[in-house]
Amino acid sequence: IDFKVLILLFNLMIVVAAFKELKVLDSIAIGLLKKCNTYTSISFALVFITFIASMIVTNDVALITFVPLSIVIARKANIDVLKIVIFQTLAANLGSSFTPMGNPQNLFIYSYYDLSPIDFLKITLPIVILAIAFLSILIIKDKKMKLKLDLSDVIMENKKDVILFSLLFVIILLSVFHLIDYKITFIITIVTVLILNRRLFKEVDYSLLLTFTGFFIFIGNISTMDVVRNFMENILNSKKSTFISSILASQIISNVPATMLLSGFTNHFKELLLGVNIGGMGTLIASLASVISYKIYTSEFKDNNDRYLSKFTLYNVLGLGVFVPMIYLLLF
């Protein structure tokens, strides 16, 4: 069991829960949206704030925060928010691919293969550059209209806690980038939360931590079986096969389990990292973050279930059609 990955995940989840409770992200978003007066500018703001936030606070938290905000804004402006939510989902999955803390599979690969921050960012930078162009084209080609929004300011009442948790977040990031021992950061995190807000312990996604623990045990067991090990190593015996296999596996079992399963049988970490992040597009279950935005949207617009799935699939298959050949050409 890789306790380092579990501890880093725990630390990040705690501090992100604090930011959510203190309404830090909401305040930033509302301040930005007040400057928008067209459908296109609002789309850009909502999609790219999700894109950037996912690099820092993970893709699922970015969607949990900004998809409901998009729905509220859409109702005030009387616009159809379906495409914006789909573009936000693409943005969260693509933006989170850039950093080690952007999503669980990145944090796992970063720790498992003991990558340096610079090496990691060099690998994932092409996805981000391509994503900015791809998302911008989708937004620009969408409908255009003038809008007027009347948004109330979000007040961050406890600014002292915002500062303290921001400092804690910096310390946690330093541990992610190997500049501070993660065990020391874990102790600092526990003590800080005990003093400032013990309720945050309830906000941690313990099911994800248990899932990781289960996969560590499962992969450790099956990798000792000669038949399984030989079969998997034959499938993943080249860079190309690792890249393609990681994309295909993500479509069926989601990219986090796919990462943990394939990592035990390949040393081609670059291809695995790119494959599982691109593989977050495609089917609804390819990335569990996509399921989050789907649930939020369909709970508000129950009659639009089929329409959402058809549009979601269209844009995600389009994304795969753009990213797979482009990244493949860069790799090989």
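Buried means under 20% relative accessible area, exposed over 50%, and partly exposed in between, with a 1.4 Å probe and protein chains only. This is a predicted model: local features need pLDDT of at least 70, side-chain atom pairs count only at pLDDT 80 or more, and totals for chains, interfaces and linings use all residues. Residues are numbered from 1 along each chain as its sequence is written, and side-chain values use heavy atoms, leaving out hydrogens and water.

**Surface patch**
- Leu194 counts as partly exposed because its relative accessibility is 39%.
- Leu194 sits in helix α9 (residues 182–196).
- Ile187, Val191, Leu194 and Ile195 make a nonpolar surface patch of about 390 Å².
- Such patches take residues with over 30% relative accessible area and no salt bridge; like charges are joined within 9 Å, nonpolar side chains (Val, Leu, Ile, Met, Phe, Trp, Tyr) within 5 Å.

**Salt bridges**
- A salt bridge puts a side-chain nitrogen of Lys or Arg within 4 Å of a carboxyl oxygen of Asp or Glu.
- The count by this rule is four salt bridges.
- Glu21 and Arg199 form one of them, at 2.8 Å, N to O.
- Glu21 lies in helix α1 (residues 3–21) and Arg199 in the loop between α9 and α10 (206–222), so this pair ties together parts 178 residues apart in sequence.
- Arg199 is exposed at 53% relative accessible area, whereas Glu21 is partly exposed at 37%.
- Asp80 and Arg307 form a salt bridge at 2.5 Å, N to O.
- Asp80 is in the loop between α4 and α5 and Arg307 in helix α16, so the pair ties together parts 227 residues apart in sequence.

Key: Accessible areas come from the Shrake-Rupley method with a 1.4 Å probe; for residues, only the protein chains shown count as cover. Helices (H or I, at least four residues) and strands (E, at least two) are DSSP runs, numbered from the N terminus.
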